[in-house]
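Subject: Structure handover

Hello,

Here is the structure I promised to pass on to you.

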Amino acid sequence: MRKFLLAAGLSLSILPSALAQHWGYDGHEGPQHWGEMSEGWATCAAGQQQSPIDLGTSSGLGLQSMAIDWPETLSGTVIDNGHTIQVNVEPGGSLTIAGHDYALVQFHFHAASEHTVNGRHAPMEVHFVHADENGGLAVIGVLVEAGAPLSSLGSVWAVNPQPEINSGGIAASVRLNEFLPADRSAWRYAGSLTTPPCSETVTWTVFRHPVTASAAQIAWFEDRHPHSYRPAMPLHRRLVLQIGG
Ligand SMILES: [Zn+2]
């Protein structure tokens, strides 16, 4: 974190107390240490349903229906929270899994991907975080490979939010559906937040097919938040189900 903040041109003296618990992706603040850094983060080390995981094989077919209902465009504020670029969206997007409704709250990015497929990372992964009224989360993971540009990604990067701690963010309008692959077949499993406190409250859906972004678009985020992924965690006794497209 110290290295990051200095790289971002921020003085340590302006750190608010909210950032007293530092975490990062490397060294003493890295994922191997999250579980011992704070009492509230013990699940990061002791949990049996942690994310991400390696995908590629599935235990069987899932019969749960899934419906993504995102408006054509959605407004949001783009922030750099020190760990990722995140877009906090206005209400309007929803996700229904087996009759259970979740509302889209925010989406953010990781480089490389957090979920791996047969051990391989994609260059990037986007997480669309949906929440229900009881604190349950449903996150959609979209893998991003290098190829044709993704114009929606360009509109987020163009905001270029600076990692200022008290920044309220900058508005942007994003065509969300461009982030979805045409083939919606997916892996589904029960997991966790991939950042502290690693709460095991997430129903994960990761699409089998990636979308593409240009090499320059991927490089822009890699440069801003390099190595911003948690390594794959043990599957333990969980099932990974295959969901139809
Ligand atoms: Zn994430």
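Across the whole of this predicted model, the search for aromatic pairs returns 14 of them. One of these is the pair of Trp-23 and Tyr-25, which is edge-to-face, with 5.5 Å from centre to centre and 85° between the planes. Both partners, Trp-23 and Tyr-25, are buried. Another is made by Phe-109 and Phe-179: their ring centres are 6.4 Å apart and the planes meet at 50°, so this pair counts as tilted. Phe-109 belongs to strand S7, while Phe-179 sits in the loop between strand S12 (170-174) and strand S13 (186-191), so the pair ties together parts that are 70 residues apart in sequence. Phe-109 and Phe-179 are both buried. These two residues also belong to one aromatic cluster, formed by Trp-70, Phe-107, Phe-109, Phe-128, Trp-157, Phe-179, Trp-220 and Phe-221.

Trp-23 has a polar partner as well. Its side chain makes a polar contact with the side chain of His-83, at 3.3 Å. You will find His-83 in the loop between S4 and S5. Is His-83 buried or exposed? The relative accessible area of His-83 is 15%, and the cut-off for buried is under 20%, so His-83 counts as buried.

Strand S4 (residues 74-80) and S5 run antiparallel and are joined by five bridges. Within this pairing, Ile-79 stands opposite Gln-86 in S5. The hairpin of S4 and S5 has four residues between the strands, and Gly-82 there takes a positive phi near 95°. S5 also pairs with strand S7 (residues 100-110), again in the antiparallel sense, over three bridges. Here Val-87 stands opposite Phe-107 in S7, and Phe-107 is one of the residues of the aromatic cluster described above. How much of S5 (residues 85-89) is buried? Four of its five residues are, so strand S5 is largely enclosed by the rest of the structure.

Next, the metal site. Which protein atoms are the donors of the zinc ion? They are NE2 of His-108, NE2 of His-110 and ND1 of His-127, at 2.0 to 2.1 Å from the zinc ion. Along the sequence, these donor residues follow the spacing H-x1-H-x16-H. His-110, in strand S7, and His-127, in strand S10 (residues 124-131), are 17 residues apart, and the pair links distant parts of the chain. His-110 and His-127 are both buried.

There is also a sheet to look at: an open one of three strands, in the order S1-S8-S9, with mixed pairing. Its edge strands are strand S1 (54-55) and strand S9 (120-121), each of which pairs on one side only. S1 runs parallel to strand S8 (residues 116-117), and two bridges join them. In that pairing, Asp-54 stands opposite Thr-116 in S8.

Last, the disulfide. The search of the whole structure finds one, between Cys-44 and Cys-198, with the sulfur atoms 2.1 Å apart. Which hand does the disulfide have? The torsion about the S-S bond of Cys-44 and Cys-198 is about 95°, so the disulfide is right-handed. Cys-44 lies in helix H3 (residues 43-46) and Cys-198 in the loop between S13 and strand S14 (202-207), so the pair ties together parts that are 154 residues apart in sequence. Despite that separation along the chain, the C-alpha atoms of Cys-198 and Cys-44 are 5.1 Å from each other.

Both cysteines, Cys-44 and Cys-198, are buried, and the relative accessible area of Cys-198 is 0%. What surrounds Cys-198, leaving aside its neighbours within four places in sequence? Its contacts are Trp-34, Thr-43, Cys-44, Gln-50, Ser-192, Leu-193 and Arg-230.

Best wishes

Conventions. Residues numbered from 1 in each chain as written. Predicted model: local features only at pLDDT ≥ 70, side-chain atom pairs only at ≥ 80, totals over all residues. Heavy atoms only, no water. Buried < 20%, exposed > 50% of the residue type's maximum accessible area, 1.4 Å probe, protein only. Pairing = 2+ DSSP bridges. Donors = N, O, S within 2.8 Å, 3.2 Å for Na, K, Ca; no water. Phe/Tyr/Trp six-rings, centres within 6.5 Å; stacked < 30°, edge-to-face > 60°. Polar contact = N/O pair within 3.5 Å; in protein donor to acceptor, adjacent residues only side chain to side chain. Disulfide = S-S within 2.5 Å. Contact = heavy atoms within 4.5 Å.
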